[in-house]
Amino acid sequence: HNVDHPRPKAGVFAVRAGPPLLQNILSCLLGKALKPHKPQSNFLSLISTGNRNAVASKGKYLCLEGKYLWHLKDYIDRAFMDKF
């Protein structure tokens, strides 16, 4: 858990931290300077609530719910998994 930049417990933050982490491990092994990593602070959260519905939130004020958000989440999740 990064105490300087706390984030919700979501795998996307770990996945995005992978490349800079690898670079810093290699830099450390080679005796080079490490580069700080600051995760994104503005992000969309999509949570499936069952029965093909989902809720979305972004920032302090945007909160929505509906079936169309489940389809958006499904599309994003499948596109992400297709990369692997």
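I began with Asp77, which counts as partly exposed because its relative accessibility is 36%. The model I am reading is predicted.

**Salt bridges**

I looked up the partner of Asp77 and found Lys73, in a salt bridge whose closest N and O atoms are 2.9 Å apart. Asp77 and Lys73 both sit in helix H2, residues 67-81, and are four residues apart, about one turn of the helix. I then checked how well Lys73 is covered. Lys73 has 19% relative accessibility, so it counts as buried, as the cut-off for buried is under 20%.

I noted the general point that side chains of opposite charge can pair when their charged atoms come close.

How many salt bridges does the count come to? I got two. Besides the one between Asp77 and Lys73, there is one between the side chains of Arg78 and Asp74, at 3.0 Å from N to O. Arg78 and Asp74 also both lie in helix H2, four residues apart, which is about one turn of the helix. I wrote down Arg78 as exposed because its relative accessible area is 54%. Asp74, at 23% relative accessibility, is partly exposed.

**The whole chain**

Next I stepped back to the secondary structure, which comes to two helices and three strands. I read the order from the N terminus as α-β-β-β-α. Of the 84 residues in the chain, 14% are buried. I looked up the accessible surface too: about 7100 Å², with 61% of that belonging to carbon and sulfur atoms. For contacts between residues at least 6 apart in sequence, I noted that 26% join residues at least 24 apart.

**Strands and hairpins**

I followed the strands in order. E1 and E2 pair in the antiparallel sense, over six bridges. As one example I picked Ser45, whose bridge partner in E2 is Ser57. The hairpin of E1 and E2 has two residues between the strands.

Asn51 lies in the loop between E1 and strand E2 (53-58). Asn51 is exposed, as its relative accessible area is 67%.

I checked Arg52 as well, and its phi is also positive, near 55 degrees. Arg52 lies in the loop between E1 and E2. With 51% relative accessibility, Arg52 counts as exposed, since the cut-off for exposed is over 50%.

I moved on to E2 and strand E3, residues 62-66, which pair in the antiparallel sense over five bridges. Here I noted that Ala54 stands opposite Gly66 in E3. E2 and E3 form a hairpin with three residues between them. In that turn, Gly59 has a positive phi of about 70 degrees.

**A nonpolar patch**

I found a patch of about 610 Å², made by Leu21, Leu22, Ile25, Leu26, Leu29 and Leu30. Where is Leu30 found? I placed Leu30 in the loop between helix H1 (11-29) and strand E1 (44-50). Leu30 is exposed because its relative accessible area is 62%.

Note on methods:
Residues numbered from 1 in each chain as written. Predicted model: local features only at pLDDT ≥ 70, side-chain atom pairs only at ≥ 80, totals over all residues. Heavy atoms only, no water. Patch = residues over 30% accessible without salt bridge, like charges linked within 9 Å, V, L, I, M, F, W, Y side chains within 5 Å. Areas by Shrake-Rupley, 256 points an atom, 1.4 Å probe, with all protein chains shown as cover. Salt bridge = Lys/Arg side-chain N within 4 Å of Asp/Glu carboxyl O. Buried < 20%, exposed > 50% of the residue type's maximum accessible area, 1.4 Å probe, protein only. Contact = heavy atoms within 4.5 Å. Pairing = 2+ DSSP bridges.
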